[in-house]
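Dear colleague,

I am passing on the structure below, together with some notes on what turned up when I went through it. Please look at it first and then read on.

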Amino acid sequence: MAECVNDSDEESRIAYGDYVVLKRGEVFKSVQVENKKKVIFEKQWFFMDNAVGQLYGTMFEIVAGGSLKHKPVKRAGDSLDSKEAGQDNRHIVDDGRSQKLTRDDIETLKEQGLKGQEIVQQLIDNSTTFKDKTEFAQEKYIKKKKKKYESDITVLKPSTRLLAMMYHGREPGKICHLRYDTLAQMLTLGNIHAGSKIIVFETCAGLVLGSVMERMGGFGSVIQMFPGGGPTRAGMESFGFPSHFHQTLHEFPLCKVNAVLAGKLDLSEKDTENSRSEETAAEKNSEAQSMEISLDPQEQMRRDERDRLREQRAQEKKVKMEEKRKKLASAAALLQDRNADGLVIASRFHPCPVLMGLIKFVAPSRPFVVYCQYREPLIECYNKLREQGGVINLRLTDSWLRHYQVLPNRTHPVLLMSGGGGYLLSGTTVDAGTAKTKNPHKSEEPDAKRLKLEEKASSCDSSV
Amino acid sequence: MSFVEYSELIQEGDVVIIFMGHDSMMPIKVQSGAQTQTRYGVIRHSSDLIGQRFGSKVTCSKGGWVYVLHPTPELWTINLPHRTQILYTTDIANITLMLELKPGSVVCESGTGSGSLSHSILRTIAPTGHLHTVEFHSQRAEKAMQEFKEHKVSHLVTVRNQDVCKDGFGITGVADAVFLDIPSPWEAISHAKKALKYKGGRLCSFSPCIEQVQRTCEALLDHGFEEICTLEVLLRVHDVRTVTLPLPDFGPEEYYADSTQTTSDISQEDVNTSVICRTATPPREMAGHTGYLTFSSKPRDQRCE
């Protein structure tokens, strides 16, 4: 087929440095492929080196010494079929002796390097009750044993789906228990798409940030607001975005939001002041030190060396500070226009002050969405927004997710996940200013007047 | 305006959403000289809409006012003219995530129906992706095409008027994802497989009945699809409100051991006889079932390797 040739396989080959997702059964793990790095996954350890050059989606088995071996795909009729089966379990007695192999026997089999599938076959052959089990019970037995003894690992390309499921399964605490269906709602309700300017505030390890960036495909800009010393991005890194995606990502510290809002953010002065005071402090420190030191020539040389290093470090620091300031300035410039196309919040902080502060940066007629693990803080947000006005279409929602087992004659729901997926408050911003008129840009009202107008607006809104 | 790109000001030819209240919105097409009647009076497009900022408040002739909103696929979903039963945002959100749609994705869809999902897909895959949508009902196919043009997304979509179960999607080996919302999806699985890239892709089928799901899953297995997973998502919308809970009267407190005359006086007159409580209540009735979503992955084609 011609299409096959057109589709380049090069980009779908695993390479050193790639971020990948390992899959075994329903369990995922995100790792970066590195030279001779030991990876521990599902109580097994191995090296990724043999996976390099293989195609994504390839299944591997772990062989002695922790290396991966490409496992040829066998589909359908995967052996292990048995012909005999019982009708029901009326004659099956649980005497604990149905399995003739002992634990030691199984260990020996493993040490002999028997393949998982062969061990499972041995277990079946040595089970006295297997033939009496119903067809369904046999299938279940095989499935269970396969899960235990067959350790096939598939290497996949990261995506929001995989990473969101992985985080939810492995470390829900790190992502504020944000379930993947809730994340899906956020991305859709937020109308996240290429070319927009989105503000993200999250403490979900960078998963929400990454999922927003994936939906934007490297077009537009994302401004990540962060608390404390710096943004958390481990989850975003796991997506393995190409470098041009990173150029669309900006960061801005939450502690400077008030300054930007007041139009008083003066980056240049503050930072140079800071570094200057640090420098002088460092100088004083070294002077104090030098006083104590005797004037022995060797000592002198060492001191010079130290001074040189310090200067070099100071220089490097300066460059870094300069870079940081530039980044801050570019993010501030994006915010200052107050015309963001969307706002996404998902954090462990109380959402109310975050939302009330950040929504001021969003243009009218744009969606915003706030996640919280708990409902009550969002009720407060809802009421505050109602009071303040400037938003419509407010909705407080949560979703239920139910998985199904679909098998011939055995279809039923698997698991009801309720409540644990968190809550969302979503809405649309509108112009809080005066009711229409011929000159459209009339948003620069004095604060007191605007508040009054907004109050009026919200009371009207509720009457509508 | 476009469904895939925000703009600041309303222009002639735009589709805008008139917001009159929570459950009261309507889409209108902006044309100079045109007028639209609402229950708050008339909106004159030339003076009230064109050149205005999206999100601004417009006063109508009777003194009432409305907001004009930029269209989004989500707003369109609740405002579009129904030609068929449609998919709603909750399901759409999960379909989009689980199909791993993003800018650049090539997607197949059938049937087009009323285009609710189509708009969402187009928003997500723009500016570099493409949607191949198949609708066997010629009038619906035509109407969808017209809408895509009006919404300035027609460059991202190809509408084919054919039977997907017989004729497939009209493409081979180019799709990253396939979505099926048809009565007998199991008949389209082989076509879906053909449409997907040889290196693999994702598939989703939406069916209201479990028997349809059953047959679809069997067909998926037969065609070598992997990671078959069926799920259902329900949305609960909570009504935020302030409720008042009256406190019961246990009679005067003077009979109670420690209470003094003065406190009982206060409790009778000044202390509230009720507690005000801010809460959110689940809806009395909610959509309990829309459809089952069956997802699956097509593995890499062995022949092409």
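In which loop of chain B does Ser114(B) lie? Ser114(B) sits in the loop between β7 (106-110) and α4 (116-125) of chain B, where helices (H or I, at least four residues) and strands (E, at least two) are DSSP runs numbered from the N terminus. Before going further, please note that this is a predicted model, in which local features need pLDDT of at least 70 and side-chain atom pairs count only at pLDDT 80 or more, while totals for chains, interfaces and linings use all residues. Residues are numbered from 1 along each chain as its sequence is written, chains are lettered from A and ligands numbered from 1 in the order in which they are written, and side-chain values use heavy atoms, with hydrogens and water left out.

Ser114(B) is buried, with a relative accessible area of 2% (buried means under 20%, exposed over 50%, partly exposed in between, with a 1.4 Å probe and protein chains only). Leaving aside neighbours within four places in sequence, Ser114(B) is in contact with residues including Leu80(B), His82(B), Arg83(B) and Glu147(B), contact meaning heavy atoms within 4.5 Å.

Ser116(B), in helix α4 of chain B, also counts as buried, at 3% relative accessibility. Not counting residues up to four places away in sequence, Ser116(B) touches Thr77(B), Leu80(B), Ile86(B), Leu87(B) and Ile92(B). The side chains of Ser116(B) and Thr77(B) are joined by a polar contact of 3.1 Å, that is, a pair of N or O atoms within 3.5 Å of which, within protein, one must be able to donate a hydrogen and the other to accept it, residues adjacent in sequence counting only if both atoms are side-chain atoms.

Both serines belong to the UniProt annotation "binding site" (unreviewed entry), which covers Ser114(B), Gly115(B), Ser116(B), Leu117(B), Glu135(B) and Asp181(B); such annotations may be inferred rather than shown by experiment. Although these residues are spread over 68 residues of sequence, they cluster in space, with a largest C-alpha distance of 13.4 Å.

Elsewhere in chain B, four strands form an open antiparallel sheet in the order β2-β1-β6-β5, where two strands pair if DSSP finds at least two bridges between them. Because β2 (24-29) and β5 (57-59) of chain B stand at the edges with a single partner strand each, one side of each is left without a neighbour in the sheet. Three bridges join β5(B) to the antiparallel β6 (residues 65-69) of chain B, and Val58(B) stands opposite Val66(B) in β6(B).

Best regards
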